[in-house]
Amino acid sequence: MIFRIIKYLLLSILGFILIVFLVLFTPAIWRHWVTYPRLEKEVSAFQKLRKEPIVLTKMNTYRGVIHVHSYLSHDSKGTLNDIIPAAKSDGIDFIFLTDHPHGNIDTIPKGYKGFYDGVLIEPGSEKQGFDTWPLDSTIIDWSVDKDTIAKNIIAGGGIIFYAHTEEPHNWANPFYHGMEIYNFHTDTKDESLPPQIINFIVNGNRYRPWALREMFDEQTSILSLWDSLNLKRQIVGFSAVDTHENQNIRAKYLKDGRIQWIGPNAKAIDTMEVKFWNKWLFNQPDKDGWVFKWMIDTYKDGFNYITNYVLADSLSVPSLAENLKRGHLYTAFKSLGDAKGFMYYSKNQKDSLSGIMGDSVRVDQVKSLNAVSPFPGQFRLIHEGKIVNILAGERYQFSWAEPIEKGGYRIEIHIKLNGKLVPWLYSNPIYIY
Ligand SMILES: [Zn+2]
């Protein structure tokens, strides 16, 4: 009798565990065998459609990631050994770092600065809701009020943007250049963590870009905030990868021969002796000493997820900074398709170029708004927050039937993915006055 009870009890416990496992893991396993292989095929077919568009300006286009953390932030351990190979394999030309200051002390003078294996790095800070680069070794005075901080950065010739634009900021402050219109970290905030972690356990190895993409949501409220701010003056829009390479589990040897485990947000979680039973977990130390790594947010996948494309004369900090401030940039989800070659411009009555994205152009210098793209898609022309025209193809042209309505006009390109249109590219506006 008692054995029979134990038998049924064990069977029901096993059954329960099996059901819980199925409920938790089925969506991720389905994606592994069905959804992600199909998406991969879809995107590789899309990428074959690439055609180099005509070149319209003498300016070059540089791919860059803005808002990135290194070991100088309390919540990252990233070094050049991680950052540079990632940038090289993703075709990234420049990185604008934003390390968290230590208290009120910036890490900028200690930060990476200059060319590393061809990749240009400029150190900056993220604090008090700003992404900022003084562009020299100035220490920012973080003890004054926020608006004064921004004013001082501008007076010194630096760049100042609002970061994490889902949070409140003094949007009326006249002293800032622009804002994040997409931040990967912002986008992940509405996700519930356990299903994402299970998805990474199942798909993190083979389908990591898709597992990251699983968290994507169109940032409609941030985009409409951006449009509304552009009614008053130019506010440059850019994307932030906000990569820390810190959502992971890693281990390295301590000097005393024990192993230290580092968990999410670069926090130490445990220290242990190496014994015969756990030795199999550890590899030879890599360049930074890691003997174990299980990663979610790598630099490589972060840099490829969304990228800024800046039009500039040369790959140098002064030229990039000047053009960033002027809004001569667009941003695109690069893992779907590399947007280098895109151009958005206005033409005058003589059919010659009168301005590009970010420019203010006098109304008598505009006959049409035009865009070319390396990939076909659905072009949407957005005027002061409203879609005023939609056209599918790889070239875009818009002219007004009636007198030209002044104001900012920006382009979005949406592409078909998994049966739905998703945003692929956002340009800065052309301002007609
Ligand atoms: Zn950050």
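**View 1. The protein is divided into four assigned stretches: domain 1 (1–48), domain 2 (60–246 + 299–311), domain 3 (248–295) and domain 4 (342–432).** These bounds come from an automatic or database domain assignment. The centres of domain 1 and domain 3, taken over C-alpha atoms, are 30 Å apart. Please keep in mind that this is a predicted model, where local features need pLDDT of at least 70, side-chain atom pairs count only at pLDDT 80 or more, and totals for chains, interfaces and linings use all residues. Residues are numbered from 1 along each chain as its sequence is written, and side-chain values use heavy atoms, with hydrogens and water left out.

**View 2. Helix α7 (residues 220–229) has a buried side.** Here Ile-222, Leu-223, Trp-226, Asp-227 and Leu-229 are buried (under 20% relative accessible area, with exposed over 50% and partly exposed in between; 1.4 Å probe, protein chains only). They lie on the same side of α7 because they cover an arc of only 165 degrees around the axis, taken from the directions from the helix axis to the C-beta atoms. On the face turned away, look for exposed Thr-220 and Ser-221. Helices (H or I, at least four residues) and strands (E, at least two) are DSSP runs, numbered from the N terminus.

**View 3. Four strands form an open antiparallel sheet in the order β12-β11-β10-β13.** β12 (267–272) and β13 (290–295) are at the edges, each with a single partner strand, so one side of each has no neighbour in the sheet. Two strands pair if DSSP finds at least two bridges between them.

**View 4. Strand β11 (residues 259–263) runs antiparallel to β12, joined by 5 bridges.** Across this pairing, Trp-261 stands opposite Asp-270 in β12.
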